[in-house]
Amino acid sequence: MNITIATLGELLVEFLAKKENQGFSSPGEFWGPYPSGAPAIFADQVAKLGFRSLLFSCVGNDAFGVMNITRLSRDGVNVQGISVLPNATTGSAFVSYRSQAQRDFIFNMPDSACGLLSADHLDEALLRQYSHFHIMGSSLFSFRLIDAVRKAISIVKENGGTISFDPNIRKEMLKIREMSQAFEYILDYTDFFLPSDGELDYFGLSKSRDEEKIVARLHKRGIAHVIIKRGARGASYYSKDEQHHVAGYPVEVVDPTGAGDCFGATFVSLFLAGYSVPDALAHANAAGSLAISARGPMEGTSTLEQIKELMRQQN
Ligand code: ATP
Ligand code: MG
C-alpha cells in the first residue's frame, strides 16, 4: 500500500541548556542549533520509516534554514512545500529542563519565518498527492497557520483522506485564544487523536477523571481512533470496540523532546500500512524510546530497522 503523509507547521532550530534548572535569566551554555519543530520531527520520522512524507513550512534565507532543509531532505522528506522567505528569520526555541518531566521554553515563532506560513503557501496540487494529513496543536499559534490547517483539512478530506491530531500542548502557548477554538474545529475532522495522558484534562473533559469515560465521549464525537501516550509507561489505543495497552521500552533518558512526535509518526504510518494495533503501538513505543536516547529533538528519529533492533534487544 502506498502510504503518503503530509503535515504543516513550525520548522525551527532548538538550543538546549546544558544544565538542569539552568533557566534563561542568567548567562549559560547551550547545545545547538538542532533542527526542530514538532511537525518537522514527525515528517522526518515518517520519511525514515520509508513512507512518502511532505512538510509545509517556511524558513528564512539563513544558515538555520539551510540546515533544516538539508536534514529533512537527507532523511527523505519532500521539501518542495518549504518556502524560503527572503525577509524573515528562521524560527528558534530555547529549552531548559527542570526535571525530565518539566521543561521551560522561549519560543521565537510568531515573528519568525514559520509564523508567516499561510494558506497561500499551500500548494494544492502537491497536497492532493497525499492521503493523510497530520496536525500538531503546537502549530496553531497564529491565525495564518490555523487558516492554512483548515485549508489543508478540507483538501485532504475532499480527497477521501484521513486526519490525525496530536494536541502537543505547550503551557507557553495556552494564552493564545485562537488555539483553543481551533482545537474544537480540528477535533470535528479527526480520525486519529493522539494526546498524552496529561493532556486529557484540557479537552473540556475535566468533569470526568475517568479515562474510559473521556475516551467514550471522544468516540461519540466521531473520532474513531484514540491513542494515549503515557511516557515511560507506554501507550494505549481505544476504538469503539477494541482497546490495547502496550508497555514502553525502558531506556536512559538523554533528551525527552521529540518522543511524542516520533511515537505518533510511527503509529500512524504503520497503522495505515496495515500493522495490527498492538504491533503498531509496540513499534511506536520503540520509536519514542529511541527519540529520547539522543540529544536534540530530531536527532533521535529512526529507521524501521533501528526500531526492530531495539524491540529485539528488549524482548
Ligand atoms: P513530547 O514531549 O514529545 O510532546 P508526549 O508527551 O507527546 O511527548 P510521551 O508520552 O512523553 O509523549 O512520549 C511518547 C512515547 O515515547 C511514549 O508513549 C513512550 O512509548 C515513549 N517514551 C517517552 N518517555 C519515555 C521514557 N522515559 N522511557 C521509555 N519510553 C518513553
Ligand atoms: Mg507531544
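Modeller: Gladly, and please keep in mind throughout that this is a predicted model. A first thing to look at is glycine 258, where a backbone N or O atom lies 3.4 Å from an oxygen atom of ligand 1.

Biologist: Which other residue has a backbone N or O atom that lies 3.4 Å from an oxygen atom of ligand 1?

Modeller: A polar contact is a pair of N or O atoms within 3.5 Å, so a distance of 3.4 Å falls inside that cut-off. Besides the backbone atom of glycine 258, there is a backbone N or O atom at 3.4 Å from a ligand 1 oxygen in alanine 259.

Biologist: How much of the accessible area of ligand 1 does the protein cover?

Modeller: On its own, ligand 1 has 620 Å² of accessible area. The share of this area that the protein covers is 87%.

Biologist: Which element gives the largest share of the shell around ligand 1?

Modeller: The shell holds 19 residues, of which Arg103, Lys229, Gly231, Gly260 and Asn285 come nearest, and by class they are six nonpolar, nine polar and four charged. Two elements give two or more residues to this shell, helix H7 (259-272) and helix H8 (277-292). The largest share, four residues, comes from H8.

Biologist: What is the volume of the pocket whose space ligand 1 takes?

Modeller: The space taken by ligand 1 is the largest pocket, which has a lining of 39 residues, with Ala101, Arg103, Ser196, Gly231 and Pro256 nearest its centre. That lining divides into 15 nonpolar, 14 polar and 10 charged residues, and H8 gives the largest share of it, five residues. The space in the largest pocket is about 1200 Å³.

Biologist: How much space lies in the second largest pocket?

Modeller: Its lining divides into seven nonpolar, two polar and five charged residues. The space in the second largest pocket is about 210 Å³. Among its 14 lining residues, those closest to its centre are Ala17, Lys18, Glu20, Tyr97 and Val254.

Biologist: Which elements each supply at least two residues of the lining of the largest cavity?

Modeller: The structure holds one cavity of 30 Å³ or more, and the volume of the largest cavity is about 140 Å³. It is lined by 17 residues, with Ser36, Gly37, Ala38, Phe107 and Arg170 nearest its centre. The elements that each supply at least two lining residues are strand E2 (12-17), helix H1 (38-48) and strand E7 (103-108).

Biologist: Turning to the backbone, in which strand is proline 33 found, and what is omega for the bond that joins it to glycine 32?

Modeller: Most peptide bonds are trans. The bond between glycine 32 and proline 33, however, is cis. Proline 33 is found in strand E3 (residues 30-36), and omega for this bond is about 0°.

Biologist: Where is asparagine 21 found, and what is its phi?

Modeller: Most residues other than glycine have a negative phi. Asparagine 21 is not a glycine, yet its phi is positive. Asparagine 21 is found in the loop between E2 and E3, and its phi is about 60°.

Technical notes: Residues are numbered from 1 along each chain as its sequence is written. Chains are lettered from A and ligands numbered from 1 in the order in which they are written. This is a predicted model: local features need pLDDT of at least 70, side-chain atom pairs count only at pLDDT 80 or more; totals for chains, interfaces and linings use all residues. Side-chain values use heavy atoms; hydrogens and water are left out. A residue is near a molecule or strand if one of its heavy atoms lies within 4 Å of it. A polar contact is a pair of N or O atoms within 3.5 Å; within protein, one must be able to donate a hydrogen and the other to accept it, and residues adjacent in sequence count only if both atoms are side-chain atoms. Accessible areas come from the Shrake-Rupley method with a 1.4 Å probe; for residues, only the protein chains shown count as cover. On a 1 Å grid over the protein atoms alone, a cavity is a set of points where a 1.4 Å probe fits but cannot get out, and a pocket is an open set with protein on both sides within 12 Å along at least five of seven lines; lining residues have an atom within 4 Å of a point. A molecule sits in a cavity or pocket if more than half of its atoms lie within 2 Å of its grid points. Ala, Val, Leu, Ile, Met, Phe, Trp, Tyr, Cys and Pro count as nonpolar, Asp, Glu, Lys and Arg as charged, and the others, Gly among them, as polar. Grid points are joined across faces, edges and corners, and a volume is the space filled by probe spheres set on the points.
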